[in-house]
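Visitor: I would like a close look at a single part of this model, taken slowly and with its surroundings.

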Amino acid sequence: MEQVLATVLQRDPEQQEFHQAVTEFLETVKPVLDRHPEYRNFAVLERLVEPERMIMFRVPWMDDRGRVHVNRGYRVEMNSAIGPYKGGLRFHPSVNLSVIKFLAFEQVFKNALTTLSLGGGKGGADFDPRDRSDTEVMRFCQSFMSELFRHIGEDTDVPAGDIGVSGREIGFLFGMYKKLQNKFTGVLTGKGVSWGGSLIRPEATGYGVVYFASEMLTLIGQTMECKHCLISGSGNVAQYTAEKVLQLGGRVLTMSDSSGYIFDEEGIDIAKLEHLKELKNVERGRIEKYCQRYPHAEYVPVDPDLDYNPLWQHEADCAFPAATQNEINAKDAQHLVEVGVKLVCEGANMPCVPEAISLFAENDVLFGPAKAANAGGVAVSGLEMAQDAMRLSWTRDEVDTRLRSIMEKIHQTCVDAAAYYGHPGDYLAGANIAGFVKVGNAMLDQGVV
Ligand code: NDP
């Protein structure tokens, strides 16, 4: 394992996020390697940490004033041992190869946990859709797809949304793919419901996170009822995490965006959440505006001089980081422990740094890792692919029931794998081990390719 990590560090010394994801993974799968030398003999780890294919490309586009911009596009096709590459596209200025590789690596094991036949990949661009007009976003998406189309397909690689890519962007990307290929296929998920999308797909990641958290609570004889919850982010995952917490009787105290956070002591109820959705999804405004409608709520802007986020200092029972990677550092984790949080469930990918995760373990805080807890999104994407292939649409209830059942199975798989390999109650170890065994066995079956 040390050799594998050393090779990764030596090969791409600057890819910090990727190193972080690989290190966390390797630390937890050691018991499997000790019992099963065949993974070593056939270099399964060495092959897992090297993407099957990486595509990088120029994305030129023209803004509304006629100025030409050039962004960089990525698609990392990480592993196809158990199905076509599957994973979202992220449009955000912080996107680089390290971020996309870490996300693609995580996606491989997450997808394996969903019980569906999905390989892992991820892509995106360092494009910032914020403050761009719809026509600018459309031109960017069309340029991006004019290169990506030759690498994807319903049986090859099926991208979806992620940060900065939601229904609007998926629509523009799909339109361009269809024009270039002259084919109407389920090549992207997260599509509009009237043209191949699945009901519950927008809700799936957030709902799934709360279903997973509820399963964790059930094991200790509790429910979401009356739980006070801190949520970060106000995008797709955060909004539907909040919605499901409310449906299950919990109370939502905070939400945020990259400029700051709101704290509503009376609770963000369904009506307030609907207003916030309108604000973020339709007006594409800043979360600060929530306080214009609800002046009793407090807005706290990001303070660049602070090395912690005060959002995590409010008294609560549960925390759902749902914005971005590494948003909970060791200090934030210490604050969460001090205010009495008993459960942290990751909505975003890798939002907790390794020191934070260790602190949770030392203080008996239940920790739901992203690759298990937020797998509901890709699971319903898998269900969207199934519906597209059959040219059928399932009802809302049907998809939601399947989602809930998948999240229950993922939870049980993590619990069982962790216990079997000597880490009872460690969801991170359970998720990594179960994902690794499924993908690793498929790689062994398929030979050295
Ligand atoms: P959205 O773009 O819909 O929302 C992202 C939210 O996080 C926004 O509120 C955004 O603020 C905030 N944010 C983004 N970057 C930063 C940053 N650097 N610092 C502080 N806040 C930030 O994305 P999603 O909700 O889709 O994704 C959120 C997380 O969930 C990501 O980690 C993603 O990988 C993960 N995820 C998403 C899935 C999905 O189905 N969408 C599936 C599984 C995981 P602002 O509005 O200011 O930009």
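Which residues point one way from E4 and which the other way, and are they buried or exposed?

Guide: Please keep in mind that this is a predicted model. From strand E4, Gly-120, Lys-122 and Gly-124 point one way, while Gly-121, Gly-123 and Ala-125 point the other way, and all of them are buried. Because 6 of the 6 residues of E4, which spans residues 120-125, are buried, the strand is largely enclosed by the rest of the structure.

The neighbouring strands come next. Strand E2, residues 68-79, pairs with E4 in the antiparallel sense over 6 bridges, and within this pairing Asn-79 has Gly-120 of E4 as its bridge partner. Strand E3, residues 85-91, also pairs with E4, but in the parallel sense and over 3 bridges; here the bridge partner of Phe-91 is Ala-125 in E4.

The structure holds 0 disulfides. For Cys-318, the closest cysteine sulfur is that of Cys-229 at 4.4 Å, which is too far for a bond, given that a disulfide requires sulfur atoms within 2.5 Å. Cys-318 counts as buried, at 1% relative accessibility, and Cys-141 is buried too, with a relative accessible area of 0%.

Notes
Residues numbered from 1 in each chain as written. Predicted model: local features only at pLDDT ≥ 70, side-chain atom pairs only at ≥ 80, totals over all residues. Heavy atoms only, no water. Buried < 20%, exposed > 50% of the residue type's maximum accessible area, 1.4 Å probe, protein only. Helix = DSSP H or I, 4+ residues; strand = E, 2+ residues; numbered from the N terminus. Pairing = 2+ DSSP bridges.
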